[in-house]
Amino acid sequence: MIWHGAAFVLWTDFVYFFVDSKGGVCYSGYNTPEGVGRLEVKYMKQKFQVTGMTCSACSATVERNVKKMEGVKEVTVNLLSNSMVVVYDEHKVTDQAIIDTVVRAGYQAAVEQKGGRQKQSADTPAVSAVEQEIKNMKFRLIVSFVFLVPLMYVSMGHMFGAPLPPFLTGSQNALSFAMTQLLLTLPIIYVNRKYFQAGFKNLVKLHPNMDSLIAIGSSAALVYGIFAIYQIGIGLGAQDMETVHHYTMDLYFESSATILALITLGKFLETKSKGKTSEAITKLLHLAPKTATVIRGGQEQEIPVEEVVVGDRILIKPGQSIPVDGIVTEGSSSVDQSALTGESIPVEKNVGDKVIAASVNKTGAFQMEAQKVGGDTTLAQIIQLVEDANSSKAPIAKLADKISGIFVPVVISIAVIATIVWLILGYPFEFAMSIGIAVLVISCPCALGLATPVAIMVGTGKGAEYGILIKSAEALEIAHSVKTVVLDKTGTITEGKPKVTDIVPSGDISREELLTIAASMEKPSEHPLADAIVTYAQEQNIELLPTERFQAISGQGITAFINGT
């Protein structure tokens, strides 16, 4: 294997492969006695934005359909960022063909703009979409429970002795009792209509998912309730009060509404979790400054960080964040890299030293030359690492996907078989139908395809907030088996705020005198260790002495004069 710039070449006796490390193209070629010949471009790697996905079942459907296409080598769908990365043979499949496949699966797709991440600001599309989704889910949740509470009271209250209005009690008022429940159920059905739209659409395409189960169970309960209303009306017309009483007890409107309300509650919590994870990535994005001061033609210009190019000379003033990766060309300073490396003490930087984007310049001003910009910076690669971890699947998640793939068809089959068996045994259709509904309803809140992806998203996102980067879902899953943790000496698990623990005088000098001299000298310094010494002296009520000719010597320490010494 031979590294060359931003790519590597994997070489064999007869064939070689060239892979761009930025994820652009993969070439293949061949060796001949006359030399090396390059064949055509073999694979392209393209990123798409996919909208309309609401759960892991949706992302699995998109992934499954695109993976079936001839020429597609690899597909990864990231539910968190609503994105999809496809590696494919450009001679067998096109971007438009992939988009069409996603659309046929019931979702929308578009090729992501190049440099999309670099163009994102505080209002990144992914976060805005999640915030809008949370707002929508919150509205649906509120409406669902506003109508579900009175519905449950009307339908179940009499079982607990709760008083009901006179027009809702007695067999003679059975029709108003049933119609009131229907009217309270309809708003819940309407605000949660997405389950029916997605569920029945996937069912028709023979790709039933959890939405299909919800839609079938809720619809069956609703339709049977409407059927019962007609039976109540017919019974009242014929004065058949036994039939009226029977169907009054056979209303399932509250079951239909409860399914939708509880599933919406689960989806709302899932969306909130996804939003927090997106916030973690956004916080990483915000570590880097939005502008940079470059020196072009001898003039200082403040430009957007996206416009910085390799080779630009950039001026970094005290307190500023470093916009891109590069090398110090003039001046010196101490740089706080804790946000990226975890190292609590600022690192001294002199001419020739490397600096990384999103680290903070503490003291002096310096100039640097940009070496890595945009998606090549260390920060951009960390963000990509977090996104990749969210899009990866843990072994347990893959198992859940397999189970989910057969779970829905099996549940539907069991419901149908149960209904048929009870009919064969001679029971009325209404009873057999209620058995089938019970099977569907009890299976609806299945979290097989939901729990693991949410746990991974929350885990990796929360870790990113605290500077813990998890490379993949598999690494996260097996972390519980860790028995020993070995840490280096840089203090990456310290608080990041040094404190004085001991004072050890040498010679004739006393403890108080040593502290007085040290704190007096450190007072003008901006170094974290200096702050620790001065703070400790203040806590000990030490009176500081005036200093003259203070000087900080980069990488060595400080000098100053006290009382002429």
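Contact here means heavy atoms within 4.5 Å. The model shown in these views is predicted.

View 1. Leaving aside residues up to four places away in sequence, Glu 522 touches Ala 530, Ile 533, Val 534 and Ile 558. The Glu 522 side chain is buried but forms no salt bridge. Lys 523, the nearest side chain of opposite charge, is 11 Å away.

**View 2. Helix α5, residues 174–191.** The 18 residues of α5 reach 27 Å from the first C-alpha to the last, close to the expected 26 Å. Buried positions in α5 include Phe 177, Gln 181, Leu 184, Ile 188 and Val 191. Within the protein, confidence is highest in α5, with a mean pLDDT of 94.

**View 3. Open sheet of 3 strands in the order β14-β13-β16.** Pairing in this sheet is antiparallel. β14 (347–349) and β16 (360–361) are the edge strands, each with a single partner, so one side of each has no neighbour in the sheet. Strand β13 (residues 333–336) is joined to β14 by 3 bridges, and Ser 334 stands opposite Glu 348 of β14.

**View 4. Segments with pLDDT under 50, including residues 1–25.** The average pLDDT of the protein is 79, and 79% of the residues score at least 70. The lowest confidence is in strand β1 (residues 2–4), at a mean of 38. Residues 1–25 have 59 contacts beyond four places in sequence in the model. Residues 115–127 also have pLDDT below 50, with 19 contacts beyond near neighbours in sequence. Where pLDDT is low, predicted coordinates should not be read in detail.

Notes: Residues numbered from 1 in each chain as written. Predicted model: local features only at pLDDT ≥ 70, side-chain atom pairs only at ≥ 80, totals over all residues. Heavy atoms only, no water. Helix = DSSP H or I, 4+ residues; strand = E, 2+ residues; numbered from the N terminus. Expected span 1.5 Å × (residues − 1). Buried < 20%, exposed > 50% of the residue type's maximum accessible area, 1.4 Å probe, protein only. Pairing = 2+ DSSP bridges. Lys, Arg positive; Asp, Glu negative; His and termini not counted. Salt bridge = Lys/Arg side-chain N within 4 Å of Asp/Glu carboxyl O. pLDDT = per-residue confidence, 0-100.
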